[in-house]
Amino acid sequence: MRSGATQAPDPGGIPIRTILLGVAGVMLVALGGTGAGAILKRDPLLTDTSLSWIRYGHGHDLATAILYVGLGLVIWAWVRLGRMVRNRHVGSQAVLTAVVAWTLPLLFAPPLFSKDIYSYLAQGQIALNGLDPYKVGPAVLQSPLSDNVSWVWQNTPAPYGPLFLMLAMGVVGVTNASVIGGVVLMRLVLGVGLAMLVWALPGLARHLGGRPAIALWVAAANPLMLVHLIGGAHNDLLMVGMLAAGCLFVLDRKHVLGIALVTLAFAVKATAVVALPFLVLVWARRLEGTRTAQLGKAIAGGVTTFTAVFTATTLASGLDLGWIPALSSSSTIVNWLSLPSAVGDFVHTVVSAFVRVEPGWFMTIARGLGSLLLLYIAWRQWRVAEDGGPEAVRRAAITMLAVALLSPATLPWYFSWALVLGAGLAWSTKNLQKVTFFSVFLLLVTFPNGDTALYSWGYLLLTVAVSALACVTLVKPDPLRLSSRYT
C-alpha cells in the first residue's frame with residue numbers, strides 16, 4: 001500500500017454478465033444455506049413440511065454442495081470484477097451495482113457461517129425483559145431466541161456497547177421476538193453500516209491517494225465482507241461503516257462530527273476505539289501553536305467529544321459499563337488465526353510430547369506477551385503518525401491489522417477492520433493479489449454452520465489452492481487454460 005498516487009478518471013460501464021454471475025452465486029449460497037447454514041433448531045417455515053429433508057442426510061449434503069458452488073461463483077465474479085477494475089475497464093458505478101445486486105439475496109438468507117445473530121437477538125430480549133445483559137447470558141430466557149444461541153455463549157454476558165444493545169432491543173420489540181423476523185430486520189439495520197461504507201470509501205480514496213473503484217472492490221464488494229458480515233449478520237458491519245464515515249469526516253476537517261461518529265462505532269463494538277488516537281493526530285496538526293499545544297488542544301477536544309457522546313448513549317440505553325469487563329469472554333475462542341493463541345497451543349503440544357502439563361499456562365503467557373507486543377506496535381504506529389493527515393489513517397489501519405492478529409481471540413471477519421481503513425490507499429498489483437488470497441482464504445475457513453475449519457487440514461489445503469487460484473486469476477484470466485474465450 002502507498003499513498004499519494006495520481007487519480008485518473010473513473011471509467012463507466014456495467015459488466016452485466018459478471019454481476020449476474022455473482023447474483024447466481026449469492027442466490028445459490030442463500031438456497032444452500034436453508035439446509036447447511038447456521039439454521040434454527042426448529043424452523044417454522046420448514047419443520048414438518050415436505051422440504052424438511054434438506055436439513056438431514058443426503059438432503060443436507062446436497063444443500064452443502066449447492067452452497068459451495070454458490071461460493072465458487074461469488075469468488076469468480078468478484079475476481080473477474082477486480083480484474084476489470086484494475087485494468088480500468090469499469091469503475092465505481094460497476095462496483096456499486098455489484099454490491100447492491102450481491103447483497104439483496106443475502107438479506108433474506110438463513111444465517112450463514114455464524115450463529116452470532118441469535119446471541120444479538122437474545123441479548124436484546126434479555127434487556128427488554130428487564131434483566132441486565134451485561135450480567136446474565138441467553139440461557140436465562142428459555143425462549144426460541146436463546147435456544148438457537150451457540151452453547152459456548154449461553155451463559156456469557158453481552159460484550160457489546162450500549163448503542164448496539166438499544167438496536168437489538170428495538171429489533172426484538174418490533175418483531176415481537178420472532179427469530180426469522182429478527183434475523184431479517186437485524187440484517188437491514190446492519191446494512192446501514194454497508195451504506196455508510198460505500199458512501200465513505202470514495203472520499204477516503206480521495207484523501208489517501210487510491211482509486212475509488214479499487215477501494216469499493218477491496219472492502220465493499222469483497223465476499224469476505226458480504227458473505228460473513230451480511231450473511232453472517234455481524235455487528236462489525238455497522239462498526240466499520242461508522243468508522244469509515246468518521247475517518248472521512250475528520251479528514252474533511254469536520255473533526256468533532258468524525259470523532260463523535262467513531263465514538264458511536266465504539267458504542268457498537270469496542271474495537272473502533274483504536275482509531276481515535278490517530279484521528280486526534282489528524283486534528284492536532286491543523287491547530288495553531290507548538291506541537292505540544294496542538295496535541296493538548298486536540299486531545300482535550302477529542303476526550304470532551306468522546307465523553308459527551310458515549311455518556312449520552314449509555315444513559316439513553318439505561319445500561320451501565322458492564323460490557324467492558326465482558327469483553328474478556330472472547331478469550332474462550334482458541335484458534336490459530338490469533339498468533340498468540342497459535343504459539344501457546346503449539347508450545348503446549350510440543351511440551352506435552354515429553355511431559356503432561358495443563359494448557360492454560362501456555363495460553364495465558366502467550367496471550368500476555370501478545371498483548372504487550374500489540375501495545376508496543378500501537379504506540380510505535382501512533383508516534384510515527386504524529387504529522388497527522390492521511391498517514392495517520394494508514395497507521396491506524398496497520399494497528400487494526402495488529403489488533404486482529406495479536407488479540408487473544410481472532411475470527412475471520414475481524415480482518416475487515418483493517419481492510420476498511422486501508423481500502424482507500426493506493427494498492428500495488430502485488431498487494432491486491434495478497435488481499436485476494438487472504439480474503440478468499442478467510443471466507444472459506446469457517447464451515448457454513450458456524451464451526452471452524454481451521455483444524456481440518458485436508459480442507460485447508462483445498463482452501464489454499466482455491467485462494468491461490470483466485471490470486472493468480474486477478475491478473476491472468478483463465479490460468480488453468482480451461483477456455484480460449486475471455487470476457
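Predicted model: local features only at pLDDT ≥ 70, side-chain atom pairs only at ≥ 80, totals over all residues.
Residues are numbered from 1 along each chain as its sequence is written, and side-chain values use heavy atoms, with hydrogens and water left out. Helices (H or I, at least four residues) are DSSP runs numbered from the N terminus.

- Setting aside neighbours within four places in sequence, Met-186 is in contact (heavy atoms within 4.5 Å) with Ile-117, Tyr-120, Leu-121, Phe-164, Ala-168 and Val-171.
- Thr-436, placed in helix H19 (residues 429-444), is buried at 0% relative accessibility, where buried means under 20% relative accessible area, exposed over 50% and partly exposed in between (1.4 Å probe, protein chains only).
- Not counting residues up to four places away in sequence, Thr-436 touches Trp-78, Val-79, Trp-217, Ala-470, Cys-471 and Leu-474.

- The 13 residues of H6 should span 18 Å at 1.5 Å a residue, and the end C-alpha atoms of H6 are 18 Å apart, which agrees; the expected span is 1.5 Å times one less than the number of residues.
- Buried residues in H6 are Pro-162, Leu-163, Phe-164, Leu-165, Ala-168, Met-169, Val-171 and Val-172.
- Just after H6, Asn-176 takes a positive phi of about 55° although it is not a glycine, and Asn-176 is found in the loop between helix H6 (162-174) and helix H7 (179-208), where it counts as exposed at 69% relative accessibility.
- Ala-177, in the loop between H6 and H7, also is not a glycine and has a positive phi of about 60°, but Ala-177 is partly exposed, with a relative accessible area of 24%.

**Salt bridges**

- The whole structure holds six salt bridges, each defined as a side-chain nitrogen of Lys or Arg within 4 Å of a carboxyl oxygen of Asp or Glu.
- One of them joins the side chains of Arg-206 and Asp-252 (3.1 Å, N to O), and this pair links distant parts of the chain, with Arg-206 in helix H7 and Asp-252 in the loop between helix H10 (236-251) and helix H11 (255-266), 46 residues apart; Asp-252 is partly exposed, with a relative accessible area of 30%.
- Arg-291 forms a salt bridge with Glu-386, the closest N and O atoms being 3.3 Å apart, and this pair links Arg-291 in helix H13 (residues 291-317) with Glu-386 in the loop between H16 and helix H17 (389-406), 95 residues apart.
- Arg-291 also forms a salt bridge with Asp-387, the closest N and O atoms being 2.8 Å apart; Arg-291 lies in helix H13 and Asp-387 in the loop between H16 and H17, so the pair ties together parts that are 96 residues apart in sequence.
- Arg-291, Glu-386 and Asp-387 are thus linked in a network of salt bridges, and they are partly exposed at 43% for Arg-291, 38% for Glu-386 and 47% for Asp-387.

**Surface patch**

- Val-343, Phe-346, Val-347, Val-350, Phe-354 and Val-355 form a nonpolar patch on the surface with about 600 Å² of accessible area together; patches are made of residues with over 30% relative accessible area and no salt bridge, with nonpolar side chains (Val, Leu, Ile, Met, Phe, Trp, Tyr) joined within 5 Å and like charges within 9 Å, and accessible areas come from the Shrake-Rupley method with a 1.4 Å probe, only the protein chains shown counting as cover for residues.

Methods:
Helix = DSSP H or I, 4+ residues; strand = E, 2+ residues; numbered from the N terminus.
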